[in-house]
Amino acid sequence: MSGIRTVAVVGAGTMGHGIAQVAAQAGYVVRLSDVVPGAAARGLTRIRANLDGAVERGKATAEAREETMARLTALDDVAVAATGADLVVEAIPEQLELKRGLFRTLSALLPPPALLATNTSSLSVGAIAEAAEHPERVVGMHFFNPVHLMRLVEVVTHPGTAEAARESAVAVARRLGKEPIVVKDSPGFASSRLGVVLGLEAMRMLEEGVASAEDIDRAMTLGYNHPMGPLRLTDLVGLDVRLAIARYLHSALRSDRYAPPAILERLVAEGKLGRKTGQGFYTWTEP
């Protein structure tokens with residue numbers, strides 16, 4: 001599965017456009033697609049804004065920015081974007097049947113040795129792979145938000161993953177400038193299982209009035225050298241995303257550690273989803 005040159009990213013939201021950006025910066029030809037009309041084009045706009053910021057801070061040159069943008073194409077047709085790609089990375093909403101349907105479609109469009117990767121943060125990679133022809137070429141590639149800054153990629157292997165697929169995913173992650181870790185397919189993998197516990201406990205502390213959101217976060221940034229506190233991170237990830245993951249892990253692992261706190265349920269019901277809506281555990285002036 002070596003020789004990857006063209007990467008298709010399906011889903012142009014927070015994660016998808018970030019994956020497309022780092023792939024284009026690494027020299028891949030990238031097609032960013034989304035079924036929502038105009039979403040892929042908006043993803044390219046967000047990528048350019050990220051690159052503009054890098055140029056302003058002296059982290060990138062104007063020439064590098066233009067070269068990266070030249071390698072990117074936005075498409076509303078997922079089939080057109082995926083056809084002929086060497087690697088497809090799925091970054092659509094965390095709904096198992098939605099992902100299974102996409103992988104069924106992708107595997108019909110792309111014969112081996114094309115590599116199929118899911119960016120799921122908690123769902124079973126094996127369950128997603130079951131929907132694909134040649135499930136041995138399906139892996140998890142779990143990126144972190146914001147993708148252009150976060151160094152970790154979890155490469156998740158299910159029992160049927162081919163060694164060549166795992167090696168290819170690790171090689172791609174390294175070319176993107178990331179540090180890959182390889183984990184077995186299990187609920188929450190390594191990062192979500194650990195991170196969600198911390199985030200949910202921070203929410204319970206906020207409910208109990210132990211401290212303010214700001215001070216709970218400072219406990220982790222100053223006391224444990226975390227780059228960001230768990231409540232601010234939840235706002236960036238999206239409270240709705242965190243709630244879906246917590247519900248899934250609570251069901252899959254049968255542990256009350258993952259039971260969603262009432263404050264999380266309430267904020268999501270009120271439409272307060274974090275940075276993307278302007279309100280979550282914090283108030284955001286920019287989406």
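Predicted model: local features only at pLDDT ≥ 70, side-chain atom pairs only at ≥ 80, totals over all residues.

Residues are numbered from 1 along each chain as its sequence is written, and side-chain values use heavy atoms, leaving out hydrogens and water.

**Sheet.** Eight strands build an open, mixed sheet in the order β3-β2-β1-β4-β5-β6-β7-β8. Strands (E, at least two residues) and helices (H or I, at least four) are DSSP runs, numbered from the N terminus. Strands pair if DSSP finds at least two bridges between them. β3 and β8 are the edges, each with a single partner strand, so one side of each has no neighbour in the sheet. The twist averages 25° from one strand to the next. β6 (138-142) and β7 (152-157) pair antiparallel over three bridges. Histidine 142 stands opposite glutamate 154 in β7.

Contact means heavy atoms within 4.5 Å. Angles run from 0 to 180 degrees between N-to-C directions, with axes fitted to C-alpha atoms (for helices, over the stretch in contact).

| Helix | Strands touched or crossed | Angle |
|---|---|---|
| α5 (residues 96-109) | β1, β4, β5, β6 | about 170° with β5 |

**Helix pair.** The axes of α8 (residues 191-207) and α9 (residues 213-223) come within 10 Å and cross at roughly 140°. Leu198, Ala202, Met205 and Leu206 in α8 meet Ala213, Ile216 and Met220 in α9.
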